[in-house]
2 protein chains.
Amino acid sequence: MEELLAVARGARPADLVLRNLRLIDVLAQEVYPGDIALCGDRIAGIGPGYRGREEVDLGGRLVCPGLIDAHVHIESSLVRPREYARAAVARGVTTVVANPHEIANVLGREGVRYMARDGERGPLGILLTVPSSVPATPLATSGAALDHLDLEQLREDPGVVGLGEVMDFAGVASGRRQLLEELALFRGQIIDGHCPGLGGHDLNAYAAAGIVSDHECATIGEARAKLRCGMKLFLREGSAARNLLDLLPLLTSANERWLSFCTDDLNPQDLLHQGSIDHLVRMAMAAGVEPITAIRMATLNPAEHFRLGDRGLIAPGRRADLVVLETLQGFSPRHIYQSGKLVSSMGKLPGYQGGAGDFTEPKGLRRSVNLDIGQLDFAIDARGPKVRVIGIVPDQLVTEELILEARTENGLAVAAPERDLLKLAVVERHRGSGRIGLGFVRGMGLRQGAMASTVAHDHHNLIVIGADDQSMLSAARAVIEANGGLAIAVGEQVLELLPLPVAGLMSDRPIEEVAGKSTNLRTLAQQFGSSLADPFMTLSFLGLEVIPALKLTDYGLVDVKRMQLVPLFPED
Amino acid sequence: MEELLAVARGARPADLVLRNLRLIDVLAQEVYPGDIALCGDRIAGIGPGYRGREEVDLGGRLVCPGLIDAHVHIESSLVRPREYARAAVARGVTTVVANPHEIANVLGREGVRYMARDGERGPLGILLTVPSSVPATPLATSGAALDHLDLEQLREDPGVVGLGEVMDFAGVASGRRQLLEELALFRGQIIDGHCPGLGGHDLNAYAAAGIVSDHECATIGEARAKLRCGMKLFLREGSAARNLLDLLPLLTSANERWLSFCTDDLNPQDLLHQGSIDHLVRMAMAAGVEPITAIRMATLNPAEHFRLGDRGLIAPGRRADLVVLETLQGFSPRHIYQSGKLVSSMGKLPGYQGGAGDFTEPKGLRRSVNLDIGQLDFAIDARGPKVRVIGIVPDQLVTEELILEARTENGLAVAAPERDLLKLAVVERHRGSGRIGLGFVRGMGLRQGAMASTVAHDHHNLIVIGADDQSMLSAARAVIEANGGLAIAVGEQVLELLPLPVAGLMSDRPIEEVAGKSTNLRTLAQQFGSSLADPFMTLSFLGLEVIPALKLTDYGLVDVKRMQLVPLFPED
């Protein structure tokens with residue numbers, strides 16, 4: 001601090017002075033000429049008259065604060081935090097508020113801490129919200145839980161800014177004691193929300209509980225009602241859910257301060273090729289949002305929401321997270337400084353860092369798939385002429401419950417790919433029980449082969465879908481032998497495997513390679529007949545027992561509205 | 001919380017439902033019809049469909065959130081917090097952020113806590129910032145100091161929101177270690193600033209130290225520079241300093257979120273007859289500020305600055321601090337609800353609460369004037385033909401240093417009221433030392449008599465100014481016998497006395513009575529020849545040894561720029 005002040009008052013030379021630039025003042029929404037003097041990872045001063053040990057002439061270019069993603073699940077990009085950092089920072093994103101909800105369901109508290117520690121090795125400010133509702137329900141077996149004591153401890157961890165999206169909105173509105181205790185723990189910090197479609201008195205109750213944001217709005221009306229209830233909004237545009245253009249007409253100069261951007265979930269190819277928050281800024285500009293307003297929604301607004309007085313603005317004492325632009329329109333970052341260091345130029349990613357890191361990884365991080373291949377048995381005894389089937393609604397997370405004719409062979413109920421009836425299995429993979437839930441799905445569209453994944457929200461058991469048991473076994477075995485991953489197989493042949501050995505959720509390979517395999521997996525699934533936009537993503541939500549109507553867990557089929565297990569054969 | 005949620009979701013009747021009203025949404029800057037359901041001190045829900053044990057029809061009137069004063073010294077109103085509360089809340093002010101800087105210089109930590117506890121008895125949300133720089137310098141004797149340990153303890157007190165205006169801006173900019181440690185204590189909380197006229201590199205250093213606000217701007221240019229450095233601004237309009245109209249042209253829809261209102265210091269008559277933040281809202285509206293924007297600068301903006309997620313907006317879960325208005329223009333509150341209770345209607349003040357309260361007052365609170373009247377001796381041995389004189393600059397806090405002919409009688413230097421040369425004494429009143437600093441003043445204008453006060457920033461010793469020693473003695477004696485106060489006397493006759501027995505700073509009588517006496521004191525001083533707007537206020541700053549150029553403390557004359565004692569007779 002003493003050195004920072006000495007540089008600020010001009011008594012000592014700065015580490016770096018950026019000269020000949022136009023500073024984007026996102027508060028005043030003005031551009032003005034001025035130098036920026038840096039000291040370590042901070043901005044020491046702005047304006048004329050600073051000397052530096054190093055000085056860089058920016059040729060009159062624009063400089064804005066580094067972008068902030070208000071809500072993201074890093075795990076969705078299938079790479080480790082340090083690797084996510086490479087791709088995000090090359091896009092001008094210097095801070096993300098990550099909710100490590102997926103790894104928390106696999107490894108609990110130590111999984112959350114792993115994300116923080118691994119992230120420290122990358123060129124990105126990763127702040128965390130503590131995952132709430134881990135596990136989602138008792139109707140699936142997760143690898144770990146976060147209990148009251150875990151939350152209490154995680155709350156105090158460095159880099160933790162609050163409680164992550166509180167998803168059990170019905171439980172909050174009805175005043176469930178355990179949830180209220182969870183909320184009480186985080187009183188005084190930020191408590192982010194997640195309440196798709198909530199309105200009326202229940203929305204009032206959810207807001208009254210102290211939940212201060214939402215990122216699940218689908219319509220302007222829903223968004224307005226939430227703002228009136230005192231909730232800030234993160235406008236989302238991710239790989240799985242795209243709401244930005246629907247919601248932008250909401251924006252006025254009055255309410256803009258409460259609107260930020262988030263990606264929520266980005267697959268590796270979107271992150272790498274389309275971008276992160278920079279993509280949302282460009283979309284907003286293209287939709288007619290005044291350019292500095294669009295930048296402010298990606299900088300100052302999320303900084304203020306999360307009380308990050310150390311970023312979101314180019315001002316003395318704040319972090320030297322800076323994006324150098326050619327022009328405002330089009331938002332194309334030329335150079336990125338993160339914490340005072342030049343980390344990317346002309347879109348080039350910083351260097352890949354392999355290896356395990358200089359810290360102790362949590363026990364089980366790379367051995368999270370506890371499954372004996374010999375236990376796998378996907379046979380279903382035929383107990384009746386009709387089966388209860390999960391009906392996929394294309395590119396949505398909700399499903400329908402269907403009752404369809406079973407196909408029976410030798411006393412077994414089997415897949416009937418010619419009428420888009422595939423077999424689905426969820427195999428408990430955390431505790432070695434080998435427990436298997438079995439069912440059928442319509443809507444995936446595979447005419448042959450099978451897909452397997454250890455990414456299966458929220459419990460992340462092994463989920464396998466296929467046209468025949470042999471293909472399912474091949475895909476499942478490939479994933480198990482890789483200690484987690486995504487695979488597609490036909491018969492005994494594995495056509496593609498993306499190993500995800502880190503908690504069964506993330507690769508430790510470069511994102512370029514991961515994105516390539518991920519694209520290949522999708523293409524293969526589509527070649528086998530799936531017309532879904534992202535077949536593996538859809539698969540990963542077929543086990544999520546909190547989104548209606550019918551889902552499959554290792555315990556079997558779950559009727560989500562009644563929150564209870566139901567038999568596969570309706571007559572049972 | 002359980003009950004609040006039950007009311008919010010409509011499962012239980014509200015304590016009170018306000019019906020048939022137009023809700024002022026300060027975020028959206030809209031007015032919309034809707035009911036407000038209250039539960040205890042909170043808003044449970046907004047919108048239709050709520051039932052209440054009590055229901056009030058507001059006849060289509062407007063309702064806005066209670067106003068917030070971002071920075072005030074309650075002591076300046078010469079009444080106790082609970083009494084200040086009566087007057088403020090009748091104006092629609094439901095929250096103040098008070099810096100108990102004056103009492104801290106008399107009674108230290110326990111004085112600060114007294115303000116909080118006394119305030120709890122009044123109908124006003126009083127939040128505190130912890131006074132910094134107590135005492136101001138070692139060149140005066142204060143009653144108490146706040147050391148590192150005090151600050152550390154006060155920081156954790158309920159209702160404390162941060163560190164109060166850090167006034168030693170030169171010390172901050174130059175990186176004085178003790179100050180940096182003080183700032184470090186409050187990292188993560190709000191650290192308010194005070195840096196009149198600061199600019200350039202020193203302003204950068206002050207902001208880099210983590211100071212996030214200022215309320216001392218006098219010009220638009222100064223204000224813009226501070227905003228660019230990341231500091232929020234409180235636009236001030238008080239009894240002593242009036243900056244609002246000069247600064248309003250600064251306002252744009254872009255920067256408005258960082259602008260709030262504050263009064264800083266209000267004398268009792270202004271508070272009672274002109275108002276508090278409601279007055280600033282009216283001034284802003286009259287100056288052309290869009291009405292809901294003006295209200296937002298007095299509600300949501302200060303709430304967000306101080307991270308008060310529980311107020312500033314009419315929304316579920318927030319405090320039921322509500323102002324019922326007839327029309328937007330003119331901002332004339334009709335009914336005020338504070339914490340769910342109707343506390344004022346049609347401008348009527350809530351009931352006066354005399355007595356000491358149900359808590360233990362700090363030792364010395366009502367015995368803070370430790371002075372033996374026999375010790376008082378205002379005689380000055382004449383040591384030369386010329387004296388160093390404090391030159392008052394009308395209605396400003398800065399003074400000039402003058403060298404003038406002394407008037408000598410019997411070997412003593414005496415006042416010469418016919419050429420506006422009055423005697424000034426500062427008598428140490430905390431520790432019983434009876435130490436007296438003596439000097440002369442030009443600019444007060446009294447042709448006869450004397451004024452005495454135990455309000456003398458920041459040390460609050462007894463300060464006396466007069467045309468003759470007998471009048472000074474009479475005024476001083478009256479104040480000492482009252483255990484503090486303000487008095488004016490001629491010869492042996494005391495013409496008016498306003499007792500301030502609470503720390504020598506505050507009355508325990510109703511504000512109506514205090515305002516009457518305060519007005520009378522001013523009128524008398526003006527009748528005796530003073531042409532100053534507020535002679536007692538000017539007197540109270542003649543001892544403040546941190547504002548240039550020449551001031552008097554119990555140690556003698558202080559040359560503020562050199563920060564050292566200087567002799568009364570220049571030849572010494």
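This is a predicted model: local features need pLDDT of at least 70, side-chain atom pairs count only at pLDDT 80 or more; totals for chains, interfaces and linings use all residues.
Visitor: Why are strand 27 and strand 29 of chain B said to stand at the edges?

Guide: The open sheet has the order 27-28-29, with antiparallel pairing. Strand 27 (550-553) and strand 29 (564-566) each have a single partner strand, so one side of each lacks a neighbour in the sheet. From one strand to the next, the twist averages 45°.

Visitor: How do you know that strand 17 and strand 22 of chain A are paired?

Guide: Strand 17 (residues 386-392) and strand 22 (residues 436-442) of chain A run parallel and are joined by 3 bridges; at least two are required, so these strands pair. Here Ile390(A) stands opposite Val441(A) of strand 22. Both strands belong to an open sheet of 8 strands in chain A, with the order 18-17-22-21-24-23-25-26 and mixed pairing.

Visitor: Which strands of chain A does helix 15 touch as it packs on the sheet?

Guide: Helix 15 (residues 511-527) of chain A touches strand 23, strand 25 and strand 26, where contact means heavy atoms within 4.5 Å. The direction of helix 15 makes about 145° with that of strand 26 of chain A.

Note on methods: Residues are numbered from 1 along each chain as its sequence is written. Chains are lettered from A and ligands numbered from 1 in the order in which they are written. Side-chain values use heavy atoms; hydrogens and water are left out. Helices (H or I, at least four residues) and strands (E, at least two) are DSSP runs, numbered from the N terminus. Axes are lines fitted to C-alpha atoms, for helices over the stretch in contact, and angles run from 0 to 180 degrees between N-to-C directions.
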